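The points are grouped by topic and can be followed alongside the sequence and the model.

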Amino acid sequence: MAVLSSIGLSKRFAGHSANDPSVLALSSVNFTINHNEFCSVLGHSGCGKTTLLTMVAGFEQPTEGELLLDGKPIGKPGWERSMIFQDYALFHWLTVEENISFGLEMKNVPRDERKSVVKEYINLVGLSGFDRRYPHQLSGGMRQRVSIARALAVNPQILLMDEPFAALDAQNRSLMQKEMVRIWERARKTCLLVTHSIDEAITLSDRILVMTRRPGTIKADIKVELPRPRQEDDPGVILLRRQIKELIIDEFEVER
Amino acid sequence: MADAVATAGNAPLERSSSFHLLRRLRTLGLLIAVLVLWQVVSMYVLDKRTAVLLPSPTVVTQAFWELVVSGELFVHMRDSLKREFVAFLWALSAVPLGLAMGWSQTVHDQIDPLIEVLRPVPPLAWIPLSILWFGIGDIQNQFIIFLGMFFPILLNTISGVKNIEPNLVRAARCLGAGEGRVLRRVVLRAALPQIITGIRVGLGVGWMALVAAELVGANSGFGFLINDARTLLRTDIVIVGMITIGVIGLIIDRAIRYLGRRAMPWSRTFSA
Ligand SMILES: Nc1ncnc2c1ncn2[C@@H]1O[C@H](COP(=O)(O)OP(=O)(O)OP(=O)(O)O)[C@@H](O)[C@H]1O
Ligand SMILES: [Mg+2]
């Protein structure tokens, strides 16, 4: 069953003046994401990945085409499409606990229930004991854990992620990718992740949508049926990596 | 202070605390030297007639004590602080206005031209007109103080709102926050350090405006006290008044910074 479908989606950004032409960021993007599927969108920098996510989130309106969530057109931003940002976007004046609780308050969840849900997600992302800390007292990886917990706690229909681990160093990034697999297996959710890292897409996804250069369209839709957790040197992973690399290198050639 | 602790290392407690005291005294050294020089000059160098213009620290201290015992100092303090406080309550209206202007470009475009015209007029330039409007007394004083406070608070609030990271607002929206809650729970909170900074600056400017307003338009308060003492050639009282004005200004500033630090442990704006 499709949770999210994108039908002929295009986005053109208007130029600011006469000699600043408008930019066609996305051009007729078609795909669907199924229930509890982890889907990655992979593409070069500037191909319109963030643009796609901002439209799914409801921050921007498509120029053409439509986005449907459970068959209904997407409207204003809301908790049913919660988002994890690359720069975490944590409320720095709130503690870990209060950050995670924020969305629940917006949903008018009663206090007692809020407490237990917050506790549950703090445990899930491995931050117990840090409940009362402020974001500036946490490391980058821990901040992203808070942001994951905050986005999951509202129980969204789809979880959106914009290069969530790009700001971390290589070691932390691969650790957080493994953590994300573990969290996702415990709290099954429909996920849409945007990234330019092939390995990140392979580690996490059920499906990988490869995008062309700008204007972005979907170039390949690859089902990943390897068991998790996936090891880097697993033959299946190596094969898949090579296949995707070729698709992406192709993209470079087209450009030249 | 921090490096004093570090250099003291694991030295015994008495040594490190006497070390602190020494450092303290060293930073006060120049001040003490100036006081001593002042005392010597006004006692031995100046002749009696000129010494009236520069009474020695001991004479000033005596005058201070007189004013404290008679309670006169506190009467003026009460009146000045009351004016500052009432004007501050009015000036707090700059916070919602600044939020609206920082948040909505339409509101900003409408109100900004008016602000731009009024802002460069120094509060003191309003004194003549305000005396005609309100007469001499509390309302006129409060009006001048209000003008001194209003613009720093307003401008800081606007820039605080405009400098909010856009992703914070987006994060709140996609957690289900509507417009009102985004404003109250995110925009106001994220801009708070700068709003408090505006309040700090505003209280400082207001305090200066207060004294000026009281010099000409009041029958009580520190400004009145020092101007009245001038006509009686009580220079000692003038100096007591000046010092008290300075000390209270400093205390207000420190208090706001302390409260800011206590209320916002997550902000670095108010750390010393
Ligand atoms: N608000 C905007 N106004 C004008 N042009 C925009 C705007 N947002 C994005 N663009 C343009 O649209 C194109 C796609 O941008 P987008 O941020 O979606 O790329 P991306 O795939 O997320 O890149 P990256 O991997 O670097 O984050 C870019 O050429 C960008 O300049
Ligand atoms: Mg991007």
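A:Glu80 sits in the loop that runs between strand E5 (72-73) and strand E6 (81-84) of chain A. The model is a predicted one.

**Around A:Glu80**

- The side chain of A:Glu80 is joined to that of A:Arg81 by a polar contact of 3.1 Å.
- Leaving aside residues up to four places away in sequence, A:Glu80 touches A:Leu69, A:Pro156, A:Gln157 and A:Ile158.

**Chain A as a whole**

- Chain A contains seven helices and ten strands.
- Its C-alpha atoms occupy a box of roughly 55 × 45 × 35 Å along the principal axes.
- Of the 256 residues in chain A, 53% count as buried.
- Taking the contacts in chain A between residues at least 6 apart in sequence, 70% link residues at least 24 apart.

**Area and residues of the interface**

- The contact between the chains draws 25 residues from chain A and 19 residues from chain B.
- Together, chain B and chain A bury about 2100 Å², and carbon and sulfur atoms account for 66% of that area.
- On the chain B side, B:Cys174, B:Leu175 and B:Trp266 lose the most area to chain A, and together they make up 34% of what that side buries.

- One salt bridge is found across the interface of chain B and chain A.
- A salt bridge joins the side chains of A:Glu105 and B:Arg185, with an N to O distance of 2.9 Å.
- Six residue pairs are in polar contact between chain B and chain A, counting pairs with both residues at pLDDT 80 or more.

**The chain B side**

- Helix H10 (166-173) and helix H11 (179-217) of chain B are the elements that give two or more residues to the side touching chain A.
- H10(B) gives the most to that side, with six residues.
- By residue type, the side of chain B that touches chain A has ten nonpolar, two polar and seven charged residues.

Methods. Residues numbered from 1 in each chain as written. Chains lettered and ligands numbered in written order. Heavy atoms only, no water. Contact = heavy atoms within 4.5 Å. Buried area = accessible area lost by both parts, 1.4 Å probe. Salt bridge = Lys/Arg side-chain N within 4 Å of Asp/Glu carboxyl O. Polar contact = N/O pair within 3.5 Å; in protein donor to acceptor, adjacent residues only side chain to side chain. Helix = DSSP H or I, 4+ residues; strand = E, 2+ residues; numbered from the N terminus. Nonpolar A, V, L, I, M, F, W, Y, C, P; charged D, E, K, R; others polar. Buried < 20%, exposed > 50% of the residue type's maximum accessible area, 1.4 Å probe, protein only.
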